[in-house]
Structure formats: C-alpha cells, structure tokens
Amino acid sequence: DAVTNISAPELIGSFAETAPPEVQQAVRSTVVSLLGNLPPQLYDTSVASTGQNVASLMYSMQLTGYMFRNAEYRRSLVESLQRDGGDLCV
C-alpha cells in the first residue's frame, strides 16, 4: 500500500540517495539484463510495457534489494564481530 502512495520518480530518487553503491550496481545490472543492453550509438531503443509488467519488475527489484540489503547487513555484522571479538566462524 505504501508503494502506491509514492510516485515512480520519488521512489527511484529515494533509492538512488540511500542505497549502497553495490546495491545500486546490482539493480542496474538486473534492469539491463531484463531490458537488454544495446549500444546507444547504434540503436534508438524504446520500451513499451503494461502497468502489470512494470509492477512485476518493481516487485522483483524490491525483493532483490531486500536480498542485497540483508547480505550487506550480514557482511557488516560479521566484520564488526570479527573486529571486536577476534576469529568468528559463521
């Protein structure tokens, strides 16, 4: 419900301001692989889609973002515990 109250430009802007660079790059790679990566010098590309397909893409990207955020959190936690407590096998 919260996603429907946020416009797409606001959502993308918020993501670009707050997401770690690794997550931003992963999202870029995901979008490029989904939409294709044609050289701009050779092709003018346009993408047409339905609202349902865009919603599915955003949902998929959101889940990917959660996965990367959890991985980043775990990495940060392990690094912090190793720094504070010596060796830690996780």
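**A close look at one helix**

Modeller: Among the elements of the protein, the highest mean pLDDT, 82, belongs to helix H3 (residues 51–85), and the lowest, 75, to helix H1 (residues 8–18). Here pLDDT is the predictor's confidence in each residue, from 0 to 100. This is a predicted model, in which local features need pLDDT of at least 70 and side-chain atom pairs count only at pLDDT 80 or more, while totals for chains, interfaces and linings use all residues. Residues are numbered from 1 along each chain as its sequence is written, and side-chain values use heavy atoms, with hydrogens and water left out.

For the protein as a whole, the mean pLDDT is 75, and 82% of the residues reach 70 or more. Where pLDDT is low, the predicted coordinates should not be read in detail. The protein has three helices and zero strands; these are DSSP runs numbered from the N terminus, helices being H or I of at least four residues and strands E of at least two.

Helix H3 has 35 residues and spans 50 Å from its first C-alpha to its last, close to the expected 51 Å. The expected span is 1.5 Å times one less than the number of residues.

Of the 90 residues of the protein, 10% count as buried, that is, under 20% relative accessible area, with exposed meaning over 50% and partly exposed in between (1.4 Å probe, protein chains only). In H3 the buried residues are Thr64, Gly65 and Val78. Tyrosine 59, also found in H3, counts as exposed because its relative accessibility is 51%.

The structure holds two salt bridges, each a side-chain nitrogen of Lys or Arg within 4 Å of a carboxyl oxygen of Asp or Glu. In one, glutamate 72 pairs with arginine 69, the closest N and O atoms being 3.5 Å apart; both residues lie in H3, three residues apart, about one turn of the helix. In the other, glutamate 79 pairs with arginine 75, with closest N and O atoms 3.6 Å apart, and these two lie four residues apart in H3, again about one turn. An α-helix has 3.6 residues a turn, so residues three or four places apart point the same way. Arginine 69 counts as partly exposed because its relative accessibility is 42%. Arginine 75, at 42%, is partly exposed, as is glutamate 79, at 38%.
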